[in-house]
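Take a look at the chain below.

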Amino acid sequence: MINLPPFASPSRTNLRSILARYHFGITLLAVALVWLAILFASTTALKSYAHQNLDMAAQLATYGVEPGLVFDDPAAVEEAVQPLILRNGIARIRVLNNKGETLLDAKSHSIDPAPFMTRIFLPDGAQARVNHNGLDLGVIEVWGDSGPLLRFARLGLLTGLACLALTVL
């Protein structure tokens with residue numbers, strides 16, 4: 001029987017398996033860090049786009065409610081705002097006349113799926129002034145909800161998990 005020295009024992013792991021294990025761990029860490037960086041950057045961009053969308057919705061509403069404000073017709077104002085309030089991502093629209101009185105305060109019937117995300121990403125609404133021939137007729141205020149943000153977060157999470165799963169394979 002041949003006596004093997006202690007460093008040549010078959011139960012010891014070799015350098016190749018140790019390096020392979022550490023390489024795999026470093027690869028997983030790198031993929032996870034890249035995924036987090038992309039998620040952070042895209043979330044920041046999404047926040048900016050969400051505010052821009054609210055600004056555009058408020059500006060769009062000014063064109064629709066202008067005739068109702070000119071003729072002081074609350075029914076025309078409500079009719080102009082209804083298509084916007086039914087859109088996903090808009091929680092509330094308020095129309096004020098030039099005296100600051102509320103003509104319409106329309107709220108969406110859908111429930112905000114993640115109010116904490118709304119507080120973080122859309123804490124305040126957008127405003128747009130309604131003008132007609134140089135006269136200030138009123139203000140439109142639009143608030144958003146977290147529906148589109150939540151869909152984006154789910155998609156980002158699933159993408160990150162898919163990347164990790166492909167790395168493991």
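**Helices side by side**

Helices α1 and α4 are roughly antiparallel to each other, because angles over 145 degrees count as roughly antiparallel and theirs is about 165°. Keep in mind that this is a predicted model. Find α1 at residues 15-70 and α4 at residues 147-168. Their axes lie 10 Å apart. The crossing of α1 with α4 is right-handed.

Which residues in α1 and α4 meet? From α1 come F24, T27, L28, V31, A32, W35, L39, S42, T43 and L46. From α4 come L149, F152, G156, L157, G160, C163, L164, T167 and V168. Sort the residues of this contact by class, and you get 13 nonpolar and six polar ones. No charged residue takes part in the contact of α1 with α4.

Now follow α1 to another partner. Helix α2 covers residues 74-85. It packs against α1 at an angle of about 160°, with the two axes 7 Å apart. That angle, too, is over 145 degrees, so α1 and α2 are roughly antiparallel to each other. Their crossing is right-handed.

Look at who touches whom here. On the α1 side are A57, L60, A61, G64, V65, G68 and L69. They meet A76, V77, A80, V81 and L84 of α2. By class, this contact has ten nonpolar residues and two polar ones.

Next, the pocket. How big is the volume of the largest pocket? It is about 360 Å³. Its lining is made of 17 residues. Nearest the centre of the pocket lie N53, L54, N88, G89 and I90. The largest share comes from α1, with eight residues.

What classes of residue make up the lining of the largest pocket? Twelve are nonpolar, three are polar and two are charged. So far, then, α1 has turned up in each part of the tour: it packs with α4, it packs with α2, and it lines the largest pocket.

Note on methods
Residues are numbered from 1 along each chain as its sequence is written. This is a predicted model: local features need pLDDT of at least 70, side-chain atom pairs count only at pLDDT 80 or more; totals for chains, interfaces and linings use all residues. Side-chain values use heavy atoms; hydrogens and water are left out. Axes are lines fitted to C-alpha atoms, for helices over the stretch in contact, and angles run from 0 to 180 degrees between N-to-C directions. Helices (H or I, at least four residues) and strands (E, at least two) are DSSP runs, numbered from the N terminus. Angles under 35 degrees count as roughly parallel, over 145 as roughly antiparallel, 65 to 115 as roughly perpendicular and the rest as oblique. A crossing is left-handed if the near helix is turned anticlockwise from the far one by less than a right angle, and right-handed if clockwise. Contact means heavy atoms within 4.5 Å. Ala, Val, Leu, Ile, Met, Phe, Trp, Tyr, Cys and Pro count as nonpolar, Asp, Glu, Lys and Arg as charged, and the others, Gly among them, as polar. On a 1 Å grid over the protein atoms alone, a cavity is a set of points where a 1.4 Å probe fits but cannot get out, and a pocket is an open set with protein on both sides within 12 Å along at least five of seven lines; lining residues have an atom within 4 Å of a point. Grid points are joined across faces, edges and corners, and a volume is the space filled by probe spheres set on the points.
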